[in-house]
Amino acid sequence: MSGHSTYEPKTGFERWLDTRLPIIRFANDTIITFPTPKNLNYWWTFGGVLALMLGMQIVTGIILAMHYVPHVDYAFNSVQRIMRDVNYGWLIRNLHANGASMFFLAVYIHIFRNLYYGSYKAPREVLWLLGCIIYLLMMGTAFFGYVLPWGQMSFHGAVVITNLIGALPIVGPSITTWLWGGFAVDDPTLNRFFSLHYLLPFVIAGVVALHIWALHVPGNNNPTGVNVTSKTDTVPFHPYYTVKDGFAISVFLIIYAAFVFYMPDALGDVANYVPANPLQTPQHIVPEWYLLPFYAILRAIPNKLAGVILMFGAIATLFVLPWLDTSKVRSMRYRPTIRLYYFIFILDCLVLGVCGAHAPDDLVIPGVSGLQFLDADLNSYVWLSRIAALYYFAYFWVITPLMGLTETPLPVPDSISAPVLSHPASAPAGAVASPEKRG
Amino acid sequence: MADTVAGANPDPHLTGPSPVEGDPNRRDFIHIAAGVAAAGLAGGLAWPFIDQMNPAGDTLAMASIEFDLSKVVEGQQVVVKWRGKPLFVRYRTPKEIEEAIKDDHADLRDPQTDESRHKPGKAQYLILIGVCTHLGCVPTFGGGDYGGWLCPCHGSVYDTSGRIRRGPAPLNLAVPDYTFLSDSKIKVG
């Protein structure tokens, strides 16, 4: 894709094909000889993990669609039939349902890796934007998929999310009715959600192709964040990273299998084993774990429209990140000040997740109450999620732009090879010390 | 463009002097006309593709139901399904009505008097769409500080007139269109 090709057709057939459809050359340049920085660590293996998970979800999903019935009267029972009667249906459904969680786990690691090493910065902004689009499509797909078993949480989750659109002034209610195809979430809604749930993974696959294309133009970032300067900085993708990715995938699959075989319902909600009942909302309604932080931001604001805007704003912020970051240094390995804020940001996202899982009025520290501030107890999850939401936005809109202007980064090595090849005494102190510690 | 096109492929039907630069000739016209026709066609075709997702004829047809109020006991609420949504039919106690009227001029987010939320002379029967105006959950009967409803999703509190008193919901519980067919029978929708 980038640079000149080193592929040389060996057989007559390959030469014939190469002048007509150079697909072997393409595969060779993309996954065999592609020059890859030689210092990529295990945080870089999640791209491969994600590709595997997308494939897994598509294959298991197509199989499930052969047995699933998208109708309000049959959907719940058809899922139970898959679990009980269809040969290996239990395995395929558990792979699919837990696969969604593992997919999100991997994508969050992938995103946080990106934030740490500044991979979104020039010249990889388009690569990052495509990644943000994939993340959005994943959330849409996961939402549509969660509705399909037509349990209580499926139904009321669909009600809550579609009502978010209703918060828009003037056009909101018409759009909601249009999405529903009726006056409430009902059979037409289930049918179209099934149709879209089947479609979107292929759209994701298309954007993934663009994502990889955009990756192969500038090439991989790397833990030092400095550009590749010579051939000695890189190794061919195969066998170095096919093997490294393969090992990471194996470990990842062990964790995945542990969920599938030993705790298939650990990440789900028991309420979804109750058939959908439009007349009764479950006592405690929560989305799947991977959407909890955004749910917490939504609930933090006592105004419906403002809550919705802030929730979408939390995702929209990611799209402008490359232009919010003013720092010339990519990797946080050489940015000790913002690194601290970055780890607080990870913690903050986890706190938001915990807030999303609790009822707003629940007490954070049990037994302590009475510190009423404005509309809620200071010790409640409402206030915790407000503080956490504030930090979420502050990290991107205040800390990131300011740090780039005010911090003094540590000396950055001249090249990927420099800190390794040169004698420790002659290299810049920070450049040597830091990579060794952080591996 | 007019110059180059005319020069490269002289139009035998052109009369008079060669066209002024920027002056539209017949070739420009056909380009624009074709573009407009294609855009119009695409737009016209887009609407059916969008509108097919709106409620279908049979969905719109099942619009109204009748309900016998004698099935509700004083102090209780019956929930029936109407247009796929829960419909609350509440037989209020005199105390609940009194509390609702008392708060008519309280600091309400969506100010409405209790009288405007029931039919004249039928203050005991409160007919509401049982959908929280926040994000559409079904509020729980009798919950919250005002004895009305409490939404389990995000904690919106409604009073005994179904008016929003606390929490994130912006509006009161909606009153559907309904009429009394007889003393104890209503038609909703």
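Predicted model: local features only at pLDDT ≥ 70, side-chain atom pairs only at ≥ 80, totals over all residues.
## A tour of chains A and B

Ile170(A) sits in the loop that runs between helix 7 (152-165) and helix 8 (172-180) of chain A. Its phi is near 65°, a positive value in a residue other than glycine.

**Chain A as a whole**

The C-alpha trace spans about 70 × 65 × 45 Å along its principal axes. For 439 residues, a compact globule would have a radius of gyration near 22 Å, and the 24 Å of chain A agrees with that. Of those 439 residues, 51% are buried. Among contacts in chain A with a separation of 6 or more, 77% are between residues 24 or more positions apart.

The accessible area is about 20800 Å², and carbon and sulfur atoms supply 71% of that. Colouring by charge would show 24 positive and 23 negative side chains in chain A, with the centres of the two sets 9 Å apart.

**A buried phenylalanine**

Select Phe396(A) next, in helix 14 (residues 381-406) of chain A. Is Phe396(A) buried or exposed? Its relative accessible area is 1%, so Phe396(A) is buried. Show what surrounds this side chain: leaving out residues up to four places away in sequence, Phe396(A) touches Leu115(A), Thr317(A), Leu318(A), Leu321(A), Leu324(A), Phe345(A) and Pro401(A). Pick out Leu318(A) from that group: Leu318(A) and Phe396(A) are 78 residues apart along the chain, yet their C-alpha atoms are separated by 8.3 Å.

**Two cis peptide bonds**

Stay in chain A and go to Ala122(A) and Pro123(A), which are joined by a cis peptide bond with omega of about 5°. Pro123(A) is in the loop between helix 5 (89-117) and helix 6 (125-147) of chain A. Then go to His238(A) and Pro239(A), where the joining peptide bond is also cis, with omega of about 10°. Pro239(A) is found in helix 10 (residues 237-262) of chain A.

**A sheet in chain B**

Strand 6 (residues 147-150) and strand 7 (residues 157-159) of chain B pair in the antiparallel sense over three bridges. Select Leu150(B) to see Val157(B), in strand 7 of chain B, standing opposite.

**Where the chains touch**

Select His134(B), in the loop between strand 4 (125-129) and strand 5 (140-141) of chain B. With 5% relative accessibility, His134(B) counts as buried. Leaving aside neighbours within four places in sequence, His134(B) is in contact with Asn163(A) and Lys304(A) from chain A, and with His154(B), Ser156(B), Pro168(B), Ala169(B) and Pro170(B) from chain B.

**Last stop**

Finish at Arg83(B), in the loop between strand 2 (77-82) and strand 3 (85-91) of chain B. Arg83(B) is not a glycine, but its phi is positive, at about 50°. At 26% relative accessibility, Arg83(B) counts as partly exposed.

Technical notes
Residues numbered from 1 in each chain as written. Chains lettered and ligands numbered in written order. Heavy atoms only, no water. Rg over C-alpha atoms; globule rule 2.2 N^0.38 Å. Buried < 20%, exposed > 50% of the residue type's maximum accessible area, 1.4 Å probe, protein only. Contact = heavy atoms within 4.5 Å. Areas by Shrake-Rupley, 256 points an atom, 1.4 Å probe, with all protein chains shown as cover. Lys, Arg positive; Asp, Glu negative; His and termini not counted. Charge placed at Lys NZ, Arg CZ, Asp CG, Glu CD. Helix = DSSP H or I, 4+ residues; strand = E, 2+ residues; numbered from the N terminus. Pairing = 2+ DSSP bridges.
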